[in-house]
Structures are given as structure tokens and as C-alpha cells.
Amino acid sequence: EKATPLTLPEAVKDLPYNKGLEGIAVIPQGAPNAGAIVAFGESESEATPGVIPGWLIADGKTRDLGLTRTSGFDLTDIVALPGGDLIVLERHFSMFLGVAMRVRRISAADLDGPQPMNGTTLLTAGMAHAVDNMEGVAVHRDDAGRTILTIVSDDNFSALQRTLILQFELL
């Protein structure tokens, strides 16, 4: 299919420097909001304290979304599941506590509900686990029909960080 230009909301300009659009997903066919693009910034902005701003873009119209930012986690990626739910990957870094990651699930119904959304935390992992600078999430169905989440880290070409690939079955 031929690519077409997408007009972004003016509020994207309000996202903090180097914390622009971080997660972008397309809702699959057959799901509520099918074909819509969902995009979120990395973190809260001055215009949205405590909320990571996002947008649902469909048929030339844009609707504001928001994801409650908690415990200092920033959004690093999102992926849409076949039924229209979103998986949100988040990371946290602290000089004292090190790195952590969190995975939340946002239901398809929540996209059309009151904002900001919280979702359900599926996983939180920190320094006691094999995590690092977790940056990307993908979803696929394996040969047995299981839904598999694949999460990858970015070592930023640093000797202090690792490149990791983690896989989890989504139940």
C-alpha cells in the first residue's frame, strides 16, 4: 500500500525535547478502531503533568488520549494486539535503583473511555531481573497459537548496557 502523509496534532510540538513520539501502533482490522493510528509521547509534558499524552488518529480526525504516568516510568513503545488492546512498554532509570521495566495492557474499550487511562500492569521487573534499557515490544502468534510478546533493549553502544531479547507468553 502506498504511504500517505499524516497530519500530526499541534500538541506534538509541546512534547519535551528528545521525548517526542515514542510509541506508535496501528489497530488491526476486525478490532474496535480498526485502522486507527495510536501514538504516545515518551513522558509527561508541561501541558500534561502526570499524564503521558497520546492521540488516536483515524479518518483524518484526531482524538486526545492520555496514559497516567506513575512511579517515574516513561513510555518506550506500544503494540496493538489482534483484538485492539494495546501493550505498553515502559522503563525507569534511577542512579540509586538502576533500571526497571513495566508492561501494561490497555483495553480496546479504554481507548474510547474517560482519559487518562491506567491499564493493567502485567509485569514489573527491576535490577533483580534480566532487564536493561528496554526499548521495543512486538507481538506474534507462535505455531501453537500462543500470543508471544518480544521485548528488546538498546545498549546505546555503551559498555555499561546490554542488548537483551526477552519473550513472554501473554495469557
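Hi everyone, let me start with a term: a surface patch here is built from residues with over 30% relative accessible area and no salt bridge, where like charges are joined within 9 Å and nonpolar side chains (Val, Leu, Ile, Met, Phe, Trp, Tyr) within 5 Å. Accessible areas come from the Shrake-Rupley method with a 1.4 Å probe, and for residues only the protein chains shown count as cover.

What you see above is a predicted model, in which local features need pLDDT of at least 70 and side-chain atom pairs pLDDT 80 or more, while totals for chains, interfaces and linings use all residues. Residues are numbered from 1 along each chain as its sequence is written, and side-chain values use heavy atoms, without hydrogens or water.

So, to the patch itself. F93, M95, F96 and L97 make a nonpolar surface patch of about 610 Å². F96 sits in the loop between β6 (86–94) and β7 (98–106); strands are DSSP runs (E, at least two residues), numbered from the N terminus. F96 counts as exposed because its relative accessibility is 81%, and the cut-offs are under 20% for buried, over 50% for exposed, and partly exposed in between (1.4 Å probe, protein chains only).

Next, the sheet. Four strands form an open, antiparallel sheet in the order β1-β2-β3-β4, with β1 (21–26) and β4 (61–68) as the edge strands, each pairing on one side only. Two strands pair if DSSP finds at least two bridges between them. For β2 (residues 37–41) and β3 (residues 51–58) there are four bridges, in the antiparallel sense, and A39 stands opposite W55 in β3.

Now for the charges. Side chains of opposite charge can pair when their charged atoms come close. A salt bridge here is a side-chain nitrogen of Lys or Arg within 4 Å of a carboxyl oxygen of Asp or Glu, and the whole structure has 13 of them.

One of these joins D74 and K19, at 3.5 Å from N to O. That pair links distant parts of the chain, 55 residues apart: D74 is in strand β5 (residues 74–80) and K19 in the segment before β1. D74 is buried because its relative accessibility is 10%, whereas K19, at 27%, is partly exposed.

Another runs between E44 and R69, at 3.0 Å from N to O. E44 lies in the loop between β2 and β3, and R69 in the loop between β4 and β5, 25 residues apart.
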